[in-house]
Amino acid sequence: MGERRAGASGVRCATRGAEEKEAAAMMAGFKEPAEAAEAEQGSQPPGRGAARGRKRPAPAPAPSGRLSRAELYEPPSSEELNRLKETEDLFHSSLLRLQIEELLKEVTLKETKKKKIDAFLHEINSLLSAIPETSESDLTDQSWLPGDVKVPFLQVPFDVKGKFRFLPPAQLSVVGSYLLGTCIKPEINVDMAVTMPREIFQDKDNLNQRYHRKRALYLAHIAHHFSKEKLFGSVKFAYMNSSHLKPILLLRPQGKDEKLVTVRLHACPAPGFFKLSRFHPSKNNVRTAWFMEQSAPKEGAPEPPTPHYNNSILCDTVLLSHLQFLSSAATDFPGMKDGIALLKVWLNQRQLSKGLGCFNGFLVSMLVAYLLVKRKIVRVMSGYQVLRNVLQFLATTDLSVTGISLAKDTDDSLPALADFHQAFEVVFVDPSGLVNLCADMTASKYHQVQLEAKHSMEILDDRMVDGFQALLMTPKPMLRTFDHVFHLKHVSKLQSACKKMELLNELMDRGGNYVAAALPFVVSLLARGLSGRALLVAHSLPQTPEWPIDAEPPKHKDVGPLTFGLLFLPEFATSTLEKGPQADRPEAVDFRTFWGEKSELRRFQDGTICEAVVWEASTVCQKRLIPEQIVRHLLKLHADIPESSICYTGALLDSVIKSAKKDSGTGEEAMVSIVCSYDDLSRKLWNLEGLPLTVTAVQGVHPALRYTDVFPPIPMKPIYSFHKQIRTKRLLIPSEEKPCPAYIAPMKIICHMEGSGRWPQDKEAIKRIKAAFHLQLAELLQQQHQLICRPAVTHTDVYKDGFVFRLQVAYHREPLILKEVVTPEGMVKYQDTEESQQLELETLHRPYLTSSLHGLQQQHPVFGSSCRLAKRWVSAQLLSDSISEECVDLLVASLFLHPAPFTPPSSPQVGFLRFLNLLVTFDWNNNPLIVNLNAGLTDADCTEIRNKFMAARSRLPVMFIATPKDQWSSVWTQEQPSAQILQRLLVLAAESLRTLEEQLMDPLSSQDVKIAFRPPLDLYDVLIHLNSNQIPRHLEGVDRPVKSFSRGVVKNSAGVNVLFPVVDYDPVQCYLQELRDAFSDLALFFYDKHGGEVIAVLWKPLSFQPQPFKGALAIQPSCSCETQLFMVVKREEEMLASELSVA
């Protein structure tokens, strides 16, 4: 692939105001070398030809229109070489550069749209100038305002001094991103500053919200007149960045252009009216007596500073100066516009750009200008370089500790950075030296931005990751970003929190907004309590919706539930101990005050006596919820927020993988005991005496041995009265009069024997030798370790610690021998056969996968539980027979090995949500899923896999998964899923993800998360309802049955003389297999193996079309099963009712 040189002249953007000057933008293209013969439209410097594979306009084109050989192979220009060097150094590939260029084209506003917007703005300008004046009246006398318009301001307290009358605006100016050319789709907002005349203001309008109320009344009068104009499709109010002190008027055009643009009218004061020194962060402009509605102020009581209130007024005074500052920065800097657009996309994907205290586009623009002033970036940089430099600055600079300022003059009359830090959590001072651009931002929100920037830089520097997709195309909602999420359902409870925390001064400063006042303190409280467990405690940004002009303005509580996200440190998140200082230290008092009654004195092993908090948790799933105990305790103790107001959704999905026993865990402890028993059996096999060949390796392949079995086996001991006994063989069989016994799954273990010349070279002889080994293993285990064994030709079952392990002997050369084929000419050649592939799967691929995933579980403790949730969901959708367990395990493993743009999950729930999202968003048709187990693949390997995949796509499975040991064949998806099943899986995943996220993000709903695990049955043709007595795994169902049956086994450690239990017996699976054997040509059968009560039947499309008569078809297919085992409920196709009925 080649690149054509950027046109030297470029395209000059139109000037939109006296303040704006934009440089020529450089345009670049990308063409195939084969197309280089065609002439390019555009200008070029004389005397330069085209580089190899690049299109250039020929100075004197041949009649055919082709370039001459000299022109075609002329060396590249210095400009082209610089572009290629930049692409190699910065973008890692030409593809990333092209993707970014295409994204910028997609989000940039087109010229035709700009013309429509300009016309709309001119009409607004004309209408504003024509609005009539009003007579002067008291601020509290609002009778002049018509009833169809409400004042967009919470006037509490109502009484305030001052006069108001409406006069036409002194000046109208378009400000913000539209003039700078940095606004991006899909939401185009144009900000217009409406300067209120000096005549409507009086002295002391800076006090007690007088200015804010005049501002609101001014906008209300404009809204009343605009609501009658046919020009507007809608006229509404909103809060600027959800700040209740700053209402704005939203205007949208009529008709089909209503969604084209939203014009936001900002009322601002006349220049020079306010004395700016009154608004320093340490000054007070809201009197306590007025706010508390007291008749007179308390004598001698100092007034607290009101920095946020002051800042809100100052912001209105600098709108035009900010535009001029940004305009001068953007002059001769085309990369600034592209860089800001990319940063806006980056922020939007992370939900950081909207709401109170957001990191919005204006803030990003000012940050780019700051870096330009400080020479961290230069005007020749591209948009991508601007993006990288801004992210690097954010990742390495903590503005909550070391603020920055754009003020140039060292004026002693201006407040110092230390003054801003005392008043605000995050500090970024504008060029005036008075306005903190991050005034409403909490330290927690900035730390989230900082963490995202740091992680983004790691992604951009990693050649193994698709940085474009991860950074700019992948949304990061809170549910999939944070490990635990919880909601404060009733934000009105923050009123009592303000009282408990004594935040009166903050309430005055915030205009009575108790949410904004309490939120920073609540977050810092939680951050301290979770400091050793959580990397980040984040919160959602309070957002107030827009409202009609005839409605009352939203109250503070109308922001809806507040959401908090916790990002854990996996190694410490589940600790049950919170160790404090020694009892005789001064810090001990503070520790006791912070933790309250939970704190107690404890003696530790080193002899010290310290304050400590111990959290109650016995199982792994309970330990994962220790942060919930901490959150509830601290909010109740310090903020007076009751537990009923907290909806903690961090582990709601755990219920679907819990066993039926009350207060039981989610199975992690059971799998640990299984692995311990397996390790002990492995040692016994290694040390067996009397075998003709030694054991070289023992490898487990059962899902429980890699911690991914949905419901791991538990130790079982049979109850003889529920079985028939065959005493001669010391065996048990199920009793027909009793419910079927509990399902006991055999856990397969591959036992590799050493190579030797004594092994035969005939495949049948090898099978006989292996059968002899199975017999001998059973005999030696019984003799030397008193284990109960039951040998068979293909395996030996060992009953140990209440579990059943199935030993299968393997010989390393057997797959090769099975591949031998003798040609008619007598030559021996090797080729894959079905038998050899199956054996390789059992003895090579599955053991490798199990050991790799076992190691992954040790690195990421929630990997196994995430897999189990994913497999439980697949089975619940009746698709467990259509997609292998190993395939699902690999899909989940990819989320832990390649989590970008996220961090690896630290809770099963977020792992499962990302699994659903992976299914839905991954391009299965055009990309292989590469799972780099044990980091066994290099960057070159991954590139080769992708290239070969595209070359051979038509011959490969619909879902292709590559691993270091399986780069080309995708053994786990060779046979299944089919294209139809995959499509069905993706549809179900999309709907389940949508439903779950709605449930988990709505704390006021029922939050029945199991709804995503209940399959839709209406699309099936026939439903076969099963007798629950004969469903051995009935208690594993999504909706647990009210009544259960004794299954003839009890949980107990097995004794030495116990008869061997019934193994791998599931009557439903037997019946299902008979149905498939009998009717596979007519129908597909679907079943949830974990306690499903229904077999769903789907007729094949050609099942009932007339077919030519064949003698073989005259034999009626039939199936048999135990009497009264199943009951059939038929929905349609009456003619086949008899075939599906059971004898």
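1. Arg-683 has a relative accessibility of 48%, so this residue counts as partly exposed (buried means under 20% relative accessible area, exposed over 50%, partly exposed in between, with a 1.4 Å probe and protein chains only). Asp-680, at 22%, is partly exposed as well.

2. The model is predicted: local features need pLDDT of at least 70, side-chain atom pairs count only at pLDDT 80 or more, and totals for chains, interfaces and linings use all residues. Residues are numbered from 1 along each chain as its sequence is written, and side-chain values use heavy atoms, leaving out hydrogens and water.

3. Arg-683 and Asp-680 form a salt bridge, with 3.7 Å between the closest N and O atoms (a side-chain nitrogen of Lys or Arg within 4 Å of a carboxyl oxygen of Asp or Glu). The two lie 3 residues apart in helix H23 (residues 668-686), so about one helical turn separates them. Helices (H or I, at least four residues) and strands (E, at least two) are DSSP runs numbered from the N terminus.

4. Arg-846 and Glu-886 pair in a salt bridge at 2.8 Å, N to O. This pair links distant parts of the chain, 40 residues apart: Arg-846 sits in helix H26 (residues 834-859) and Glu-886 in helix H28 (residues 885-897). Both residues are buried.

5. Lys-1089 bridges to Glu-885, the closest N and O atoms being 3.1 Å apart. Lys-1089 is in the loop between strand S34 (1083-1087) and strand S35 (1094-1099), 204 residues from Glu-885 in helix H28. Lys-1089 is buried at 19%, whereas Glu-885 is partly exposed at 25%. Salt bridges with shared partners join one network, its members including Arg-846, Glu-885, Glu-886 and Lys-1089.

6. The whole structure contains 51 salt bridges.
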